[in-house]
Amino acid sequence: AFELILGPHAGQSYVRKKSTDYENNLQIMLRKLVRAISSPSCPMVILIDDLQWSDGGSLSLLESLITDRYSPGVMIVGTCRDNEVKRGHNVAKMLCRFEDQSTARIIHIELFNLSRDAVNVWMSSAFQLTNDEARPLSDFIYKRTHGNFYFLLALVKFLYDEGILYVYPGTSIWEWDEEELHSTITNFEGIDDLENTKMGQLPMKVKEVLKMAACIGAEFDQSLLSRLLPHDQVDFALRLAQDREFIVQDMHRPGWYRFCHDRIQQGAYSLIPNEKKQIYHLWFGRTLYDKLSQTEVNTNVYLIVNHLAKSKNLIKEQDERDQVAILCLRAGEQAIKSSDFVTSGAYLKLGIDFLGRRNWRDQFDLSLELYNAAAEVECCLGNVQRM
């Protein structure tokens, strides 16, 4: 069916083509697909969240789609935290190009926190109180959350779970312990403090599972965790974390879970002490490589390499560094096949950095493969001087 839209498949050969052909082919195919399934009478809206974390290859693909003047039935909505997108950020540079070249119509929508009165109205409605009755509680919570709705919801739920906010027995009237409310809320300067407190209340074995899940990513597979820890521990931890609303199960992929919010993932990752993070990443990468089959290693090669890269200075033996360089080569080649040349270049450069001082003598074939692939990637990116 896709061949009717995109044309015949040309095979998987990706070596020695014209500069930027691979990237352009992927962009052309995506444009054709979008044109075929959208129109002004049947428009498509694409929502892309957390643009501040996007990589160069993804942004290049997105820019190609946005600037396609033959796709009038498409609107793309991107969200990001403006405090994390500074002037030199890739997203900011892309938006500047749109404005300078007039290649796309950009509408900036800034979402503000709720006002003091809006928080009062929401809380009076939620707790079935008059605005005046809810005012003391809403004012105090507004002062702490500044109207950040995610923080507000999480804080109210935490107060309820802790019994500070409760329904008076035998009635439907909400009440709160004002003294305990004040002493509890003053401990939370922001949402991170609240999430870290909630994480700290979990059993140690559950924390261990969530730390590993956070190292895997925003989404993670239960079966992969079970390769690292006992299955019973993983199963119990995931069920408890789901009950506490730290994670949610992916209904479309059995065995997969995701963190309910990126702040929760960051909170789980912060359970690893800063001074031990490098050691933890090294252990994590090594354990994955040792316990997974070669097929599974290839599937998770990005994950393994990313952890080993964060502990690069701790890998001293050249034999292990050469093995990491081989993994970097695999990761770079996989990224090439996905036409993500920016990511590929980063992995290949990392692989070169792992080579020893006498690499052309001791690891000639590996060195040649890494340098050749890196040169071809730079060619595809148009960086002729860096070849």
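**Close-up views of a predicted model**

**View 1. The packing of helices α10 and α14.** In this predicted model, helix α10, which covers residues 204-216, packs against helix α14, which covers residues 277-291, at an angle of about 80 degrees, and the axes of the two helices are 12 Å apart. Because angles of 65 to 115 degrees count as roughly perpendicular, α10 and α14 are described as roughly perpendicular to each other. On the side of α10 the contact is made by Glu208, Lys211, Met212, Cys215 and Ile216, while α14 contributes Tyr280, His281, Trp283 and Phe284. Sorted by class, the residues in this contact of α10 with α14 are 6 nonpolar, 1 polar and 2 charged.

**View 2. Ser38 in the loop between α2 and β1.** Ser38 is found in the loop that runs between α2 (21-37) and β1 (44-48). With a relative accessible area of 11%, Ser38 is buried, because a residue counts as buried when this value is under 20%. The side chain of Ser38 reaches the backbone oxygen of Val34 at a distance of 2.6 Å, and, when residues up to four places away in sequence are not counted, Ser38 also touches Met44, Gly73 and Val74.

**View 3. Lys93 in helix α4.** Lys93 belongs to helix α4, which spans residues 90-101. The relative accessible area of Lys93 is 42%, and the residue is therefore partly exposed. Once neighbours within four places in sequence are left aside, Lys93 is in contact with Arg87 and Gly88.

View 4. Gln128 is not a glycine, although its phi is positive, at about 55 degrees. Gln128 lies in the loop between α5 (116-126) and α6 (131-145), and at 65% relative accessibility it counts as exposed. His146, also a residue other than glycine, has a positive phi near 55 degrees and is located in the loop between α6 and α7 (149-161). With a relative accessible area of 52%, His146 is exposed.

**View 5. Confidence along the chain.** The mean pLDDT of the chain is 88, and 94% of its residues reach 70 or more. Among the elements of the chain, helix α16 (residues 301-310) has the highest mean pLDDT, 96, whereas helix α1 (residues 2-6) has the lowest, 52. Over residues 11-19 the pLDDT is below 50, and this stretch has 13 contacts in the model beyond near neighbours in sequence. Where pLDDT is low, the predicted coordinates should not be read in detail.

Notes: Residues numbered from 1 in each chain as written. Heavy atoms only, no water. Axes fitted to C-alpha atoms, helices over the stretch in contact; angles between N-to-C directions. Helix = DSSP H or I, 4+ residues; strand = E, 2+ residues; numbered from the N terminus. Parallel < 35°, antiparallel > 145°, perpendicular 65-115°, else oblique. Contact = heavy atoms within 4.5 Å. Nonpolar A, V, L, I, M, F, W, Y, C, P; charged D, E, K, R; others polar. pLDDT = per-residue confidence, 0-100. Buried < 20%, exposed > 50% of the residue type's maximum accessible area, 1.4 Å probe, protein only. Polar contact = N/O pair within 3.5 Å; in protein donor to acceptor, adjacent residues only side chain to side chain.
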